[in-house]
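Subject: Structure handover

Hello,

The structure is below, and my notes on it follow. Please read them with the coordinates open.

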Amino acid sequence: MSVRSAVNGFFFEPVPLGRVAAMRFLAGLYVWIEWWAYMPFIFGHRFVPGELYQPLFVGRVLPLPTPDYWIVTGTLVVMLAAAVPMMLGYRPKLFGWILFVAYFEWMVIANSYGKVDHASFGFMTLLLVLCLMPSHAKWGDRVHLSERAGWGFKLVQIAVVLTYFLSAWAKFRYGGFDWANSGVFTWAIIRRGTVFSEWMLDFPWMLHAAQWGMIAFELLTPVVLFVYKWKRVQYAIVAFFYCFHVAVFVGIGISFLPHLVAMACFLPLERIDPKAIARRLKDRRRGGDATTREPEPQFEA
């Protein structure tokens, strides 16, 4: 196999269009959940004085206006309104672009007051590539494959992995080995621990080992990209990623929800067909009703 064919096989691995429809729905659903359940503080910025606004670099380059009541509220309304038709597959490119632009402004508003989150990097990449996906994607479509969809989802997968990998790089950049040898996990549990994690405070060696394990985990995450030919192995690694985030949420209440939505593009969501599921449930209910009737006589030849 030539280098060119190997690179094309990696970046343009065909993906069923059913996965595109599923990811559009998940992305739109998350947008509706985020503003009131995951990051409600963003909407609260409509009351924050403009003097506290410290725009990100991109907000200074464009430049974007200083958020006020109407800008924050209008951005949210446009974002929610565009998410519905996109997630339902109605003119998904048009409304996808509107959603991406509105969500981009939403993230600038969220991260321009002193704290910058990295959990939404993969999700923003997902919103962008969904604008470039075929419009005719339908739930449960495993027949029609698209290299363009494969290329787009590969970019999202790379963004997901970079969220981990660059996190480890940032730890070394700003803290060096002192981060791994510090008491950062102890501080996190004291600050926002739960009954599932507070017991670890009695075992400092375990927290020290977990910090080194965290760095090793983040540095090794690119492996999931290069096992794409062995789907069961890739799915197992992605399942480990999800279990890791469940443990973090249970332990200290941090969920990384947008990151988890973006990471779903690794999974074979094209196998999900709501219409087929509803049909099977309906047939099963009819079958259950039929079992209550007297059995019809069976004749043998």
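Helices here are DSSP runs (H or I, at least four residues), numbered from the N terminus. R91 lies in the loop between helix 5 and helix 6, and its phi is near 45°, a positive value in a residue other than glycine. The model is predicted, so to speak of local features pLDDT of at least 70 is needed, side-chain atom pairs count only at pLDDT 80 or more, and totals for chains, interfaces and linings use all residues. Residues are numbered from 1 along each chain as its sequence is written, and side-chain values use heavy atoms, with hydrogens and water left out.

Another loop item: P63 sits between helix 4 (57-61) and helix 5. The peptide bond from L62 to P63 is cis, with omega near -20°.

Helix packing

Two packed helices are described by the angle between their axes and the distance between the axes. Axes are lines fitted to C-alpha atoms, for helices over the stretch in contact, and angles run from 0 to 180 degrees between N-to-C directions. Contact means heavy atoms within 4.5 Å.

Helix 5 packs on helix 6 (residues 92-110) at about 150°, with the axes 8 Å apart. Residues making this contact include I71, V72 and M79 of helix 5 and F95, L99 and W106 of helix 6. By class, the contact has 17 nonpolar, two polar and one charged residue. (Ala, Val, Leu, Ile, Met, Phe, Trp, Tyr, Cys and Pro count as nonpolar, Asp, Glu, Lys and Arg as charged, and the others, Gly among them, as polar.)

Helix 10 (residues 184-192) and helix 11 (residues 204-220) pack at about 110°, again with axes 8 Å apart. That makes helix 10 roughly perpendicular to helix 11 (65 to 115 degrees). V184, F185, T186 and I189 of helix 10 meet L207, A210, Q211 and M214 of helix 11. Six of these residues are nonpolar, two are polar and none is charged.

Pocket

The second largest pocket holds about 260 Å³ of space. A pocket is an open set of points on a 1 Å grid over the protein atoms alone, where a 1.4 Å probe fits, with protein on both sides within 12 Å along at least five of seven lines; lining residues have an atom within 4 Å of a point. The volume is the space filled by probe spheres set on the points, which are joined across faces, edges and corners.

This pocket is lined by 14 residues, and A21, L88, A137, K138 and W139 are the closest to its centre. The lining divides into eight nonpolar, two polar and four charged residues. Helix 2 gives the most, with three residues.

Regards

Note on methods:
Helices (H or I, at least four residues) and strands (E, at least two) are DSSP runs, numbered from the N terminus. Angles under 35 degrees count as roughly parallel, over 145 as roughly antiparallel, 65 to 115 as roughly perpendicular and the rest as oblique.
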